[in-house]
Amino acid sequence: LAEKAARIGVERFVMDDGWFGQRTSDHAGLGDWYVNPVKFPHGLKPLIDKVHSLGMDFGLWVEPEMVNRDSNLYRAPPDWVLNFPGRPQTEERNQHVLNLARADVRAYVYASLDKLVSTYDIAFLKWDYNRNWSEPGWPAVASEDEKKVYVAYVVNLYGILHELRAKHPKLEIESCSGGGARVDLGILHFTDEVWPSDNTDPFDRLSIQNGFSYAYSPGLVMAWVTDSPNWVNNRSTSLEYRFLSAMQVGLGIGANLNKWSQEDFQTAQKLVNQYKQIRETVQNGLLYRLISPLGGSEFSATESVASDDQHRAVLFAFLHSSQMGHAFPRIYLRGLDEQATYRVQAMDGQLAGQTPVSASGAFWMRNGIQIDLRGDFQAAAIVFQEEGVQ
């Protein structure tokens with residue numbers, strides 16, 4: 001998989017769940033953050049070295065706040081989980097929540113992660129958190145102090161993240177929680193990006209990413225190109241459509257490359273290269289919501305404009321389904337320099353035949369541009385580049 005990812009220009013290879021403890025199923029191993037000796041008898045270094053030799057960083061999935069009953073951690077101090085004495089300890093996803101409010105639990109979690117990142121050249125942690133609290137008791141303290149568990153837990157969580165970042169300043173951390181939970185300015189003080197939802201259906205993502213954009217910049221939001229049909233809706237979409245939907249924010253690939261055709265790899269290589277050319281504008285530029293995907297709209301369009309100099313703009317347009325032969329709506333750009341001349345280039349999709357090769361910012365904003373999108377689940381990406389400026 002790493003070799004195939006490198007072929008299309010991927011820059012970071014992340015290993016997901018299953019690498020640690022006695023993790024042979026989702027019933028075991030959570031909490032034991034040591035490398036599985038059967039799967040990796042020589043540790044992670046040979047794999048990481050291989051990934052580095054392919055020109056990619058290495059990342060790792062962790063879920064440090066959780067524990068399985070079938071783990072060394074749970075068997076040793078079972079009172080480390082949130083619990084009320086005399087009440088059953090409810091399992092969700094075959095796991096329990098560690099009581100991070102405890103100083104000894106905090107110390108264990110920090111030491112486990114610090115050891116991993118100190119031992120191996122790990123550039124990225126996907127920090128997951130996959131169940132809600134139940135029985136939120138803290139029997140080790142006086143009953144009147146138990147209610148402090150909520151605040152103490154979060155204070156210690158932030159403390160771990162702060163210390164990890166201070167000791168390993170190049171480490172990047174993504175906050176992920178049962179899909180799109182734990183997305184707030186508090187956690188973003190200590191993390192670099194967030195995972196907005198386990199729903200990776202590219203059409204649904206248009207609405208999800210639109211909503212996120214009212215609170216968070218595109219550069220903080222991760223989106224993956226995954227398999228088709230998508231597991232959420234059993235909806236089939238083209239690889240181009242899936243890529244362009246995800247390219248409006250932070251682009252990742254979570255599809256099974258072992259199932260891709262040669263044509264898929266060629267398409268992906270082209271789109272990854274295109275994304276690298278526009279990602280600075282997309283992630284850090286000014287976002288304009290030109291056509292909303294909400295309310296059953298058949299159309300959607302966003303525009304990102306370079307925030308420092310207006311030299312570049314990137315337009316994304318999406319069509320759900322053509323009806324009655326109606327054309328895609330004319331799109332009127334925003335945020336351009338009226339006096340500057342912009343050359344237009346379709347990265348994907350077709351422009352209407354009468355579209356000029358270049359025109360002033362005033363023209364694109366007042367006259368607009370016509371994109372030829374027809375069919376079901378079609379998409380286009382258009383770049384406007386100021387002439388004479390790289």
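Glu11 is partly exposed, at a relative accessible area of 37% (buried is under 20%, exposed over 50%, and partly exposed in between, with a 1.4 Å probe and protein chains only). The model here is a predicted one, in which local features need pLDDT of at least 70 and side-chain atom pairs count only at pLDDT 80 or more, while totals for chains, interfaces and linings use all residues. Residues are numbered from 1 along each chain as its sequence is written, and side-chain values use heavy atoms, leaving out hydrogens and water.

Glu11 pairs up with Lys276 in a salt bridge, 3.9 Å from N to O (a side-chain nitrogen of Lys or Arg within 4 Å of a carboxyl oxygen of Asp or Glu). This ties together distant parts of the chain, as Glu11 sits in the loop between helix 1 (2-7) and strand 1, and Lys276 sits in helix 9, 265 residues apart. Helices (H or I, at least four residues) and strands (E, at least two) are DSSP runs numbered from the N terminus. Lys276 is partly exposed too, with a relative accessible area of 32%.

The structure holds 24 salt bridges. Another one joins Glu338 to Arg366, with the closest N and O atoms 2.9 Å apart. Here again distant parts of the chain are linked: Glu338 is in the loop between strand 12 (312-321) and strand 13 (341-348), and Arg366 is in helix 10 (residues 361-366), 28 residues apart. Glu338 is partly exposed at 35%, whereas Arg366 is exposed at 58%. Shared partners also bring Glu11, Lys276 and Arg279 into one salt-bridge network.

Helix 9 turns up again at the largest pocket, where it gives the largest share of the lining, 6 residues. A pocket is an open set of points on a 1 Å grid over the protein atoms alone, where a 1.4 Å probe fits, with protein on both sides within 12 Å along at least five of seven lines; lining residues have an atom within 4 Å of a point. The volume comes to about 1200 Å³, taken as the space filled by probe spheres set on the points, which are joined across faces, edges and corners. Of the 37 lining residues, Arg12, Val14, Leu251, Gly252 and Ile253 lie nearest the centre.

Over in helix 4 (residues 103-119) there is Tyr108, partly exposed at 24%. Beyond its neighbours within four places in sequence, Tyr108 is in contact with Gly31, Asp32, Trp33, Leu73 and Trp80 (contact means heavy atoms within 4.5 Å).
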